[in-house]
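Please look at the sequence and the structure before reading on.

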Amino acid sequence: MKRARKVAVAKRLDAMRRGASLSGQSGGADSAVAVQYMCCGIGLPGQRDAMAHIGAYHRDEVAAAATAEQQRAMERRAAAAAERARQCEQALLERPLAVQLLVPHERVLLYYCYVPLADAAEEQRRQRERCAALRLTGKVRVANEGINGTVAGTVAATDAYMAHMLAHPTFGQRMVRGDFKESPCVRGASVRGGSEAAAAAAAAAAAQVAPKDAVFDGLLSVR
């Protein structure tokens, strides 16, 4: 939000600077005081004066502009993440199926995100479909309070999964690339529902890096 506010203030200052230029008062050699900013019909000689004016008379407008700027930034990040997910999945699925199945797992991702979910059952379905499409194995637990998981696959598949999560309309607003911890591989996959206590316990376990060559059950199931 701080960055968004800086952007909003910078745009406001730029508009005030253009206003002074259009008024013909900016930098006049014959002026007693050179006006660098113009707002509300008032000439302001320097940036400090302009900032004071903004704080006194336009604070709510700047706050609204900062909120809008933050929303646009989130939309840009989500769009970029969605495009990365599309590219990763396309590169992965262009391989023949026989080749996909023969490529060994190369990386494990461990992650969690606590955020209320409107429909945990629907998210379980989406996660199961995503893991199956990317040939991922491991365990994903989904509850009303959030998600945590340990998934494994090729580098391309795990990259695509991370991109998908970062483009997710709910998780993408809370997660960044650094929230995914990496470790050597697992086998098998399951997606489970759970209570708040179960989700909390699983999230605590997911925060620990899995030991090398850890092995999980080999069935894909939803509980």
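Which residue with a positive phi follows helix 5? The residue is Arg135, and its phi is near 60°. The model is a predicted one.

## Helix 5

Helix 5 runs over residues 120-133, a total of 14 residues. From the first C-alpha to the last, helix 5 reaches 20 Å, close to the 20 Å expected at 1.5 Å a residue.

Five residues of helix 5 are buried: Ala120, Glu123, Gln124, Gln127 and Cys131. These residues are on the same side of helix 5, because the arc they cover around the axis is only 105°.

## The N-terminal end

The N-terminal end of helix 5 is capped by Asp119. One of the side-chain oxygens of Asp119 lies 3.3 Å from the backbone nitrogen of Ala121.

## Positive phi angles

Most residues other than glycine have a negative phi. Arg135 is a residue other than glycine with a positive phi, near 60°. Arg135 sits in the loop between helix 5 and strand 4, which covers residues 137-143. With a relative accessible area of 31%, Arg135 is partly exposed.

Cys40 also has a positive phi, near 55°, and is not a glycine. The loop that holds Cys40 lies between strand 1 (37-39) and strand 2 (42-44). Is Cys40 buried or exposed? Cys40 counts as exposed, because its relative accessibility is 53% and the cut-off for exposed is over 50%.

Definitions and conventions: Residues are numbered from 1 along each chain as its sequence is written. This is a predicted model: local features need pLDDT of at least 70, side-chain atom pairs count only at pLDDT 80 or more; totals for chains, interfaces and linings use all residues. Side-chain values use heavy atoms; hydrogens and water are left out. Helices (H or I, at least four residues) and strands (E, at least two) are DSSP runs, numbered from the N terminus. The expected span of a helix is 1.5 Å times one less than its number of residues. Buried means under 20% relative accessible area, exposed over 50%, partly exposed in between (1.4 Å probe, protein chains only). The arc is that of the directions from the helix axis to the C-beta atoms. A polar contact is a pair of N or O atoms within 3.5 Å; within protein, one must be able to donate a hydrogen and the other to accept it, and residues adjacent in sequence count only if both atoms are side-chain atoms.
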